[in-house]
Amino acid sequence: MNAKEIRDLFPILHQEVNGHPLVYLDSAASSQKPVQVLDAVRDYYMQDNANVHRGVHTLGARATDDYEGAREKVARFLNAESPEQIIFTRGTTTAINLVAASYARSVCGDGDEIVITPLEHHSNLIPWQQAAKATGATLKYIPLQPDGTITLEDVENTITDRTKMVAVTYVSNVMAVVNPVKQIAEIAHRHGAKILVDGAQSTPHQKVDVQDLNCDFYAFSGHKMCGPTGIGALYGKKELLEKMEPVEFGGEMIDHIGLYESTWKEIPYRFEGGTPIIAGAVGLGAAIDFLSQIGMDEIERHEKEIVGYAMDRLSQVDGLTIYGPQKNRSGLVTFNLGDVHPHDVATVLDSQGVAVRAGHHCCQPLMRWLNVTATARASFYLYNTEEDVDRLVAALLQTKEYFGHAIG
Ligand SMILES: *Cc1c(COP(=O)(O)O)cnc(C)c1O
């Protein structure tokens with residue numbers, strides 16, 4: 001299937017916005033969903049819907065099979081050792097919060113260190129700030145090079161024997177930087193620290209192998225990879241998950257319940273208190289089937305091609321500043337057009353039917369490091385074509401005409 005054929009499977013992309021065919025370039029914020037995913041969620045509600053792990057009736061058994069089947073798909077997709085190491089969460093944010101609130105607080109004390117980077121999304125920053133505050137640990141940052149990359153030398157210099165936890169994004173949602181997480185994991189482990197990888201921007205776009213990365217925790221969101229909102233997962237090493245205390249308590253997660261004391265179910269159930277996101281998991285499973293059928297290597301290859309074409313065309317637009325490295329980029333381009341506020345850029349682009357993101361992208365410390373208040377961002381996925389890039393460039397040239405005075 002080429003990108004045009006893939007695009008045909010996404011009903012939402014076939015509409016006009018402000019009188020122009022929609023060009024959707026905001027998949028890094030949330031991706032669109034193919035009919036396969038929409039149908040799977042609908043079929044689940046039409047045929048199997050019931051609560052899981054409870055009733056003895058047929059629908060309950062089917063719903064449980066659907067839900068646990070989705071867990072197996074996630075485990076295979078990430079090459080996890082076993083499905084019990086996959087905890088369904090609301091998304092990346094909830095997954096990171098679970099590790100920060102449970103694991104990190106149990107191992108960090110006064111004088112210990114939690115190491116992150118200035119690239120992190122607020123979701124992989126604030127939970128660690130809070131964990132550091134609660135435990136007396138120090139939050140340390142691996143410094144950035146001028147192009148937003150990090151060097152292994154700086155990783156070596158930042159992580160010490162006092163470091164208990166390292167949390168890094170695999171792929172930056174702003175700088176298009178791909179971090180050497182396997183090497184960072186190796187350095188962290190040499191110092192006895194554990195590493196969490198924020199996989200929100202890697203899982204949708206490339207093959208991920210948690211065993212090869214040798215990461216201790218890995219978090220991602222379904223909605224950025226063709227799945228529904230409200231579902232994502234945390235992968236963890238078994239021996240760590242088994243030692244972790246739950247942070248949410250209620251039905252479905254307890255084993256023996258007394259009036260004053262209770263015990264927890266085995267993993268992963270002890271972390272999934274309450275009725276889980278069953279239809280979301282089913283939709284995520286369908287998204288994984290869809291992406292796997294196309295092939296993650298093929299998706300990565302296509303995005304490299306599109307982003308290469310976009311970098312070529314955009315670098316010819318006078319007055320456009322592009323952030324991040326020249327080489328080894330992920331499938332997005334963050335930019336500013338002269339002194340025009342990115343919100344104004346995005347508004348003019350939207351009037352042309354071109355949807356891009358504008359703002360701080362949940363990375364305020366990174367914006368300060370770039371010395372800007374905000375940027376615009378075009379992000380690509382498997383359904384984007386070179387024609388979409390041409391439409392973006394044409395709309396940017398129109399924006400320049402509007403705001404000619406502000407562009408040097
Ligand atoms: C989107 C994103 C998150 C947060 O994901 P949610 O789905 O909002 O929980 C975290 N990290 C990165 C790098 C992201 O792009």
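**Helix packing, loops and ligand site**

Tutor: Helix α12 (residues 342-351) and helix α14 (residues 386-402) have axes that come within 9 Å and cross at roughly 120 degrees. That angle makes α12 oblique to α14; under 35 degrees counts as roughly parallel, over 145 as roughly antiparallel, 65 to 115 as roughly perpendicular, and the rest as oblique. In passing α14, helix α12 makes a right-handed crossing, the near helix being turned clockwise from the far one by less than a right angle (anticlockwise is left-handed). The axes are lines fitted to C-alpha atoms over the stretch in contact, with angles from 0 to 180 degrees between N-to-C directions. Helices are DSSP runs of H or I with at least four residues, and strands are runs of E with at least two, both numbered from the N terminus.

The model is predicted, so local features need pLDDT of at least 70 and side-chain atom pairs pLDDT 80 or more, while totals for chains, interfaces and linings use all residues. Residues are numbered from 1 along each chain as its sequence is written, and side-chain values use heavy atoms, with hydrogens and water left out.

Helices α4 (residues 92-107) and α5 (residues 126-135) pack with axes 9 Å apart at an angle of about 20 degrees. This makes α4 roughly parallel to α5, and their crossing is right-handed. The axes of α3 (residues 58-78) and α10 (residues 278-294) come within 8 Å and cross at roughly 40 degrees. These two helices are therefore oblique to each other, and α3 passes α10 in a left-handed crossing.

The loop between β12 (262-264) and α10 holds Pro268. The peptide bond from Ile267 to Pro268 is cis, with omega near 0 degrees. Between α8 (210-213) and β9 (217-221) lies Asn214, a residue other than glycine whose phi is positive, near 60 degrees. Most peptide bonds are trans, and most residues other than glycine have a negative phi.

An oxygen atom of the ligand lies 2.5 Å from an N or O atom in the Thr93 side chain. For the His223 side chain, the corresponding distance from a ligand oxygen is 2.7 Å. A nitrogen atom of the ligand is 2.6 Å from an N or O atom in the side chain of Asp198. Alone, the ligand exposes 380 Å², of which the protein buries 86% (Shrake-Rupley areas, 1.4 Å probe).

Methods: Polar contact = N/O pair within 3.5 Å; in protein donor to acceptor, adjacent residues only side chain to side chain.
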